[in-house]
Amino acid sequence: MTSAYRLAVLACATLVVTSAAGCASAKKVVSGGDDKGAITMGTTNVTTVLDPAGAYDAGSWLVLNNTFQSLLKFPSGASTPQPDAAESCAFTGGGTSVYKCTLHSGLKFSNGHRLTAQDVVFSVERMKKIADESGPSSLLSTIEKVTAKGDLEVEFQLNTPDAVLPAKLATAAGAIVDHEVFPADKLLPNDKLVGSGPYKIDAIETGGGNGSLAKVTLSANGDYKGEAKLQNNKFVVRYLADGDALKAALEAGDIDLADNSLDPATSARLKDEQLSGSGKFKVAEGDSAETRYMAFNTKDAIGGNPAVRQAVAQLLDRKVLARDVYARTVQPLYSVVPAGITGHNTAFFDRYGEPDVAKAKKILTNAKVQTPVKFTLMWSRSRAGDAEAKEIKKQLDASGLFQVTVQQEADWTAFQKGWTDGAYQAYTVGWTPDYADADNFVGPLLVDGGAFHTGWDDPKISQKLLPESIKQTDRSAGGAYGQVQNLVAESVPILPIFQNKAFYATRTDITGVDGTVDTTGVFRFWEIGRGKK
């Protein structure tokens, strides 16, 4: 696969006053409208690119899911995609190699241009042609050819059976772009974007030297034709520096709601205050499929030794991390596929059980590994700040088998480049799934090094189990995925740490959040309204 990834991270972007030196300044790149009457959401999820062909992180998809249409969509709480820009879609010929869709008639982009089957074909071909290393083109890799039949019919011919294609097309990777606006061979600047979703982009402000977004202002798209019923006419997304800045913005009234980026202690406190009746805010708590892992560079002399990785897996105490570092706002995760996703098992617990120093020592001794094993653990962003990495170091060092050095690369773009270039030995990183299917934790994370560029690939997975599982139209038949999870627990290219619980804090007059917090990972701006305090 390509080096595409959609990652749950915390933003380093923040809106600041322009300094005399010209660094870390805010820049408005799109003008139009204002924030009056808007509902404002705060997040710490970083993003720099909004073109669907180059955007594959939580911060960009947050916006794209609300400004672009795809052929299909995930309704609230659903795991099966339903028609969006399409009127109907189905596999034909009795297999999963040919997929046909019929579009709704009369669809338009926010600039008034017609949306037709030609735009769908252009969008898919463009995504695959650009194949941006930070984009989601890998999700469409099974599409061999896409053709338009008239203005309303599209046919996908696949190079291999892919029962998960509908779910992939329902993500921002399937966003339909205007062929009259978007170039066919390069990304479009953020200030030129045009979509057909419920909202259109009015203004974008950047902050920081790396072009990270600081603020995106949206308004209702008058040309939108779809099923979304907007509970607001304006929505603003503010990208804040960290959990402390997010908390401060919420308490100061600068934002109306905070996403799942609040630090664990604050999330737990706000929940307790709400339950006691003393709270100034409401907390919407729900399921989440967001996960966090420790990834190993298996091409490194240390990380490349399976015994070292297995010993770390034998020592990691997830329960302590969940309790002491994350204030029980997360739950321990014992498999690459999280709980709540069909096919999930507990492969790591089944193999390693509770943390055990003696067992870890035996693993290293049998492999003739000299101790203490020294390696550097890198991190960039975490809701718990440096407490997560420090706790992992504490646990490993306490065994006497490891000496871990913790380092932070605060610049997210530089952090991405570091693991892509193989510069790190081990690193912690989060994953937000594109769709609620075990496939999205297997193909993107494990094949040919995966999104985290571990350098690891098991032919049993990439050449046998994954092709077998992807043919299954009955996604509840998860036998192949169980085998995959067991193989990962054996080799440990990535080590699952925890699975998030979703905590969204809002002002008391904000409504609709409970209905859009689910395992689909799609936050639907249009469902958020403002009622009485």
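Let's start with helix α4 (residues 243-252), whose buried residues are G243, L246, A249 and L250; buried means under 20% relative accessible area, exposed over 50%, and partly exposed in between, with a 1.4 Å probe and protein chains only. They sit on the same side of α4 because they cover an arc of only 125° around the axis, the arc being that of the directions from the helix axis to the C-beta atoms. Helices (H or I, at least four residues) and strands (E, at least two) are DSSP runs, numbered from the N terminus.

This is a predicted model, so to speak of local features takes pLDDT of at least 70, side-chain atom pairs count only at pLDDT 80 or more, and totals for chains, interfaces and linings use all residues. Residues are numbered from 1 along each chain as its sequence is written, and side-chain values use heavy atoms, with hydrogens and water left out.

The face of α4 turned away from its buried side carries exposed D244 and A252.

| Element | Residues |
|---|---|
| β2 | 39-43 |
| β12 | 257-258 |
| α5 | 264-276 |
| β13 | 281-286 |
| β20 | 502-507 |

β7 pairs with β8 (residues 153-158) over six bridges, in the antiparallel sense, and A148 has V154 in β8 as its bridge partner.

Terms used:
Contact means heavy atoms within 4.5 Å. Two strands pair if DSSP finds at least two bridges between them.
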